[in-house]
Amino acid sequence: MTSYKSDLLRLLDERGYIHQMTDADGLDSLAAKQVVPGYIGFDATAPSLHVGSLVQIMMLRRLQQTGHKPVVLMGGGTTRIGDPTGRDESRKMLSDETIAANIASIFSIFQRFLTFGNGLTDAVMVNNHDWLGKLGYIELLQEVGTHFTINRMMTFDSVKLRLDREQPMTFLEFNYMILQGYDFRHLSKAMDVRLQMGGSDQWGNIVNGMELGRRMDGADLYGLTTPLLTTAAGAKMGKTAAGAVWLNPEQLSHFDYWQYWRNCDDRDVGKFLKLFTDLPMDEIARLEALEGAEINAAKKILADAATAMCRGEEAARSASETAAQTFEKGQIGGDLPQVAAPADGIDILTALRELGFAASNKEGRRKLDEGAVKVDGVVIRDPHHRILPAAEPVPLSLGSKKHGLVTG
């Protein structure tokens, strides 16, 4: 572990957030002597972010915790283009109204992790459509275009991967990296933002923005990326067989969010506690040293802490109690995910899908064939089975860890 002078880099280093930095010594010196405004950009393609964005959200939280200023950049402008990084196909266009509604919904997530206001270290949220939407095309080409070469742009992974796979990339998407670079330059001029952070796949885009600011304004800017985060089993963070692990309760129940953390791989407990909770490092060291059945206690602490931070203390308590009732006492917990059955009942495949237990009918049939599905404690293998509404909610289980209710 490197010895840093600033609280910011010491905290990021000890908790495992740092992958690459453009100038570690320069950023460390700056953060040790003054408030550093730093930003991360987020898409506005859905009404919620998912767990895959949580490392970046926590980075902004760490920035604020160490006395610096988090700037949340919502891509109201760039969402209209679509980031080609890591994508094989073009993103569908969204209306202005949908993008605005998504940003409003996503803001509620950040309010749980950051303190917003007008103070020196208070967080602010900005929308790049406010400046990108005013740029004239010819003026942009004249002012910014000369600082980008096609040769360099063709070396970017986001472009190379698309071409290597013989997947089309539109000229609109090709411009994304120019506009993202312009964002850094604009924020450095308008708000004295000195630092851009992001995932490791954003390294090229971040360096691009730094170089643009240096060439156009002589600005000293810094970049920092986090490691590509996967589970110990090799899965991408934020994705499960049943779909994305959304941060907003409208997209995913408190119980399912709690369960995501409770069911993590034993090998991930320590890493997740460092990244996604505020627990002290000595307590984390104690918890990650637990073995055997005792590691389950650490997983519950992780689930409680991560859920409380994102959904609130009451949500964490309720989800934990439901899990205890369902798994430990054999009762039906009231916070389980639910699906309503119409008067003539609901077929088992639809129920599995709507509860989030299966991503498709094909997967649901496979689970039925495996004998993993139970309705009121009875194994069901018939894909045409219908669950009829009853006076009391009917328990539906997949394996030993997923439980839901079919209500009338």
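The model is predicted. Its largest nonpolar core has 68 residues, and a second, separate core has 28. The structure also holds 13 salt bridges, and salt bridges with shared partners join Arg61, Arg62 and Asp278 into one network.

**Nonpolar cores**

- Within the largest core of 68 residues, Trp261 and Phe276 have the most contacts.
- Helix 15, which spans residues 295–311, gives the most to this core, with 8 residues.
- In soluble globular proteins, nonpolar side chains tend to be buried together.
- Apart from neighbours within four places in sequence, the contacts of Phe276 include Tyr17, Leu54, Val55, Met58 and Leu229.
- Met237, Trp261, Ala306 and Met309 are also among the residues in contact with Phe276.

**Gln64 in helix 3**

- Gln64 is found in helix 3, which runs over residues 54–65.
- The relative accessible area of Gln64 is 16%, and the cut-off for buried is under 20%, so Gln64 counts as buried.
- When neighbours within four places in sequence are left aside, Gln64 is in contact with Pro70, Leu114, Thr115, Thr121, Asp122 and Ala123.
- Gln64 and Phe113 are 49 residues apart in sequence, and their C-alpha atoms are 9.9 Å apart in space.

**Surface patch**

- Tyr137, Leu141 and Phe171 make a nonpolar surface patch of about 340 Å².
- Leu141 has its place in helix 6, residues 137–143.
- Leu141 has a relative accessible area of 40%, which lies between the 20% and 50% cut-offs, so this residue is partly exposed.

**Salt bridges of Asp278**

- Asp278 forms a salt bridge with Arg61, in which the closest N and O atoms are 2.6 Å apart.
- Asp278 lies in the loop between helix 13 (269–276) and helix 14 (281–288) while Arg61 lies in helix 3, so this pair ties together parts that are 217 residues apart in sequence.
- Asp278 counts as partly exposed, at 34% relative accessibility.
- Arg61 counts as buried because its relative accessibility of 16% is under 20%.
- Asp278 forms a salt bridge with Arg62 as well, with 2.5 Å between the closest N and O atoms.
- This pair also links distant parts of the chain, with Asp278 in the loop between helix 13 and helix 14 and Arg62 in helix 3, 216 residues apart.
- Arg62 is buried, and its relative accessible area is 1%.

**Salt bridge of Asp265 and Arg267**

- A salt bridge joins Asp265 and Arg267, where the closest N and O atoms are 2.8 Å apart.
- Asp265 counts as partly exposed, at 24% relative accessibility.
- Arg267 has a relative accessibility of 59%, which is over the 50% cut-off, so Arg267 counts as exposed.

Technical notes: Residues are numbered from 1 along each chain as its sequence is written. This is a predicted model: local features need pLDDT of at least 70, side-chain atom pairs count only at pLDDT 80 or more; totals for chains, interfaces and linings use all residues. Side-chain values use heavy atoms; hydrogens and water are left out. A nonpolar core is a set of buried Ala, Val, Leu, Ile, Met, Phe, Trp, Tyr and Cys residues joined through side-chain atoms within 4.5 Å. Buried means under 20% relative accessible area, exposed over 50%, partly exposed in between (1.4 Å probe, protein chains only). Helices (H or I, at least four residues) and strands (E, at least two) are DSSP runs, numbered from the N terminus. Contact means heavy atoms within 4.5 Å. Patches are made of residues with over 30% relative accessible area and no salt bridge: like charges are joined within 9 Å, nonpolar side chains (Val, Leu, Ile, Met, Phe, Trp, Tyr) within 5 Å. Accessible areas come from the Shrake-Rupley method with a 1.4 Å probe; for residues, only the protein chains shown count as cover. A salt bridge is a side-chain nitrogen of Lys or Arg within 4 Å of a carboxyl oxygen of Asp or Glu.
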